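The stops below go from charged pairs to the nonpolar cores, then to helices and the surface.

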Amino acid sequence: MSATWRLVAFPLIVPWRAEFWSLPLFFPDLAAGVLQKWPKGLPYQGRDLPPQAAAGGKDLQHYAPGELTQWRAYEEYAGEREEVADILRALRGEPPEPLRPMGPWKDDDAWRVAWQLEVMEAEQEADLIRVDREDFLLGEALAPEIWEEPTDYAALAGDKEVLDPETARLRYLLWRREMGAQLALPSAPLLLGRTSQAIFASLRMAAGGGRAARMRFRLPGIRSADDYQAARGAAAAWQGEFRPLLEACLAAADQEGDLPTSAQALTKWSEEQLPRLWPDAPSWTWDLEIWGREPGSPEGGETLLAWGGLGKGLIPG
């Protein structure tokens, strides 16, 4: 992207998948956090895992599902009682009670737990990527002949998975904290994880949102280093056209403007102009989604881009 809009990868740890060879063609300036097992030759510079992530989720083993939310409620309840107790002790001239440790939301403990959660999710994502790849190869083997009408087994539109809001918020806040230097306005997250869309959907639903406009575009893609080298040289002919069209959509989504009209221009270009500038007839496509800003801009309510349908295309059975 140009300097007008800065795209920042979400989540903080992004495991490699072959489909991401397409990313540098469309987003050469993407900012990213930890790039897990990404091949050399891509323009992205990742970072190393910090020491806080080294525990590998050991601290999280003490928490049952839903317990993070329970800790939050208990902290608020205990805090209110302590405020009254402090006033009574002060009136009696008694010293305040010493502080006692609470749940995992205290300074460094909070970020250590968040990093460990991020590592656990990235490991699970890497396992699911291998499963997706096997299913994709099976789907190619069982694909219809070219004269047959193709059948779309993609997931239905909408958010079928909603995560625990407290867990989603923990991962979102860690991302904001670690990538804050890259998030100077205007910026937008680019969702590249299997559960990333569910995280933002959960945050928006918890804030009473989820009604913002969404648009989807189908773009040609590549899945190998050889195809990337072949397409990289030709990309200079169309990158200058793609960027302003996408930025017009982002601006319309961010300012509650006419996103469908801007999206129509990008769709027309991607269907009519881009295939002519692609080095070969594209044999594979991927979906790019734009989510509009939520009214009131709650946590996770910013304008964003999402890789549509990660993990889709599974053979039903």
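## Charged pairs

Start by selecting E19, which counts as buried at 13% relative accessibility. This is a predicted model. Side chains of opposite charge can pair when their charged atoms come close. The count of salt bridges comes to twelve.

Next, select R171 and E121, whose side chains meet in a salt bridge with an N to O distance of 3.9 Å. This pair links distant parts of the chain: R171 belongs to helix α4 (residues 165–178) and E121 to helix α3 (residues 108–141), 50 residues apart. R171 is buried at a relative accessible area of 6%, whereas E121, at 23% relative accessibility, counts as partly exposed.

Stay on helix α4 and select R169 with E299. Their side chains meet in a salt bridge at 2.8 Å, N to O. E299 lies in the loop between β6 (285–291) and β7 (304–308) while R169 is in helix α4, so the pair ties together parts that are 130 residues apart in sequence. Both ends are partly exposed: E299 has 32% relative accessibility, and R169 has 26%.

To finish with the charges, select R216, R218, D287 and E289 together; salt bridges that share partners join these residues into one network.

## Nonpolar cores

Which residues have the most contacts inside the largest nonpolar core? Select F26 and F27: they hold that place in a core of 46 residues. Helix α7 supplies the largest share of this core, six residues.

Now show the surroundings of F26. Leaving out residues up to four places away in sequence, F26 touches L219, P220, W238, F242, L274, W278 and W286. A second, separate core has 27 residues; to find it, select A31, L170, L203 and W291, which are among its members.

Select helix α6, residues 225–235, and colour its buried residues: Y228, A231 and A235. They cover an arc of only 80° around the axis, which puts them on the same side of α6. An α-helix has 3.6 residues a turn, so residues three or four places apart point the same way. Turn to the other side of α6, where D226 and G233 are exposed. Against what do the buried residues of α6 pack? Display α1 (23–26) and α7 (239–254), which are their packing partners.

Move on to L245 in helix α7. This residue is partly exposed, with a relative accessible area of 21%. Apart from its neighbours within four places in sequence, L245 is in contact with A265, L266 and W269.

## A surface patch

For the last stop, switch to a surface display and select I87, L88 and L91. These residues make a nonpolar surface patch of about 330 Å². I87 is in helix α2 (residues 67–91). Is I87 buried or exposed? Its relative accessible area is 52%, over the 50% cut-off, so I87 is exposed.

Conventions. Residues are numbered from 1 along each chain as its sequence is written. This is a predicted model: local features need pLDDT of at least 70, side-chain atom pairs count only at pLDDT 80 or more; totals for chains, interfaces and linings use all residues. Side-chain values use heavy atoms; hydrogens and water are left out. Buried means under 20% relative accessible area, exposed over 50%, partly exposed in between (1.4 Å probe, protein chains only). Helices (H or I, at least four residues) and strands (E, at least two) are DSSP runs, numbered from the N terminus. The arc is that of the directions from the helix axis to the C-beta atoms. Contact means heavy atoms within 4.5 Å. Patches are made of residues with over 30% relative accessible area and no salt bridge: like charges are joined within 9 Å, nonpolar side chains (Val, Leu, Ile, Met, Phe, Trp, Tyr) within 5 Å. Accessible areas come from the Shrake-Rupley method with a 1.4 Å probe; for residues, only the protein chains shown count as cover. A salt bridge is a side-chain nitrogen of Lys or Arg within 4 Å of a carboxyl oxygen of Asp or Glu. A nonpolar core is a set of buried Ala, Val, Leu, Ile, Met, Phe, Trp, Tyr and Cys residues joined through side-chain atoms within 4.5 Å.
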